[in-house]
Amino acid sequence: MSELIFTDQNFKEEVLESNLPVLVDFWAPWCPPCKMLGPVIEEIGEEFNGKVKVGKFNVQENQQVPVQYGIMAIPNLKIFKGGQIVDEIVGLVPKEVIVEKLNSII
């Protein structure tokens, strides 16, 4: 699966209007914990392919959406369903924590 990239421009269409739940990884290239979480997000994207849309949102290049959602710390994972945030995780966590939260909403 190719990794989805969310931006200020495509966020409404790709995330808020998605028929599937969406896991958004808000990150930045200068953030070491974000880099550590990157491969985990890729694995989750492959494992949940067709059940959950998984993608990354670079807060350094796109600042409108992070401000709108009050993102103050990264990595910040938000799970959207029906255009609403249904769960979130701030900081570096084990893969199992993310998988458990996704399984609870699908």
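With which side chain does the side chain of glutamate 88 make a polar contact?

The structure is a predicted model, in which local features need pLDDT of at least 70 and side-chain atom pairs count only at pLDDT 80 or more, while totals for chains, interfaces and linings use all residues. Residues are numbered from 1 along each chain as its sequence is written, and side-chain values use heavy atoms, with hydrogens and water left out.

**The sheet**

Select the strands to begin with: five of them form an open sheet with mixed pairing, in the order S1-S3-S2-S4-S5. Helices (H or I, at least four residues) and strands (E, at least two) are taken as DSSP runs numbered from the N terminus, and two strands pair if DSSP finds at least two bridges between them. Strand S1 (4–6) and strand S5 (84–90) are the edge strands, each pairing on one side only, and from one strand to the next the twist averages 30 degrees. Angles here run from 0 to 180 degrees between N-to-C directions, with axes being lines fitted to C-alpha atoms, for helices over the stretch in contact.

Next select residues 76–81, strand S4, which runs antiparallel to S5 and is joined to S5 by six bridges. Phenylalanine 80 has isoleucine 85 of S5 as its bridge partner, and lysine 81 is likewise paired with glutamine 84 in S5. The two strands form a hairpin with two residues between them, and glycine 82 in the turn has a positive phi of about 60 degrees. Stepping back to the loop between H3 and S4, pick proline 75; the peptide bond to proline 75 from isoleucine 74 is cis, with omega near 0 degrees.

**Glutamate 88**

Now centre on glutamate 88, which has its place in strand S5. Its side chain makes a polar contact with the side chain of lysine 78, at 2.4 Å, where a polar contact is a pair of N or O atoms within 3.5 Å, one of which, within protein, must be able to donate a hydrogen and the other to accept it, residues adjacent in sequence counting only if both atoms are side-chain atoms. Glutamate 88 and lysine 78 are 10 residues apart in sequence, yet their C-alpha atoms are 4.3 Å apart in space. Glutamate 88 is partly exposed because its relative accessible area is 40%, given that buried means under 20%, exposed over 50% and partly exposed in between (1.4 Å probe, protein chains only).

**Asparagine 62**

Finish at asparagine 62, in the loop between S3 and helix H3 (64–68). Asparagine 62 counts as buried because its relative accessibility is 8%. A polar atom of the asparagine 62 side chain lies 3.2 Å from the backbone nitrogen of aspartate 8. Not counting residues up to four places away in sequence, asparagine 62 touches Phe6, Thr7, Asp8, Gln9 and Phe57.

Technical notes:
Contact = heavy atoms within 4.5 Å.
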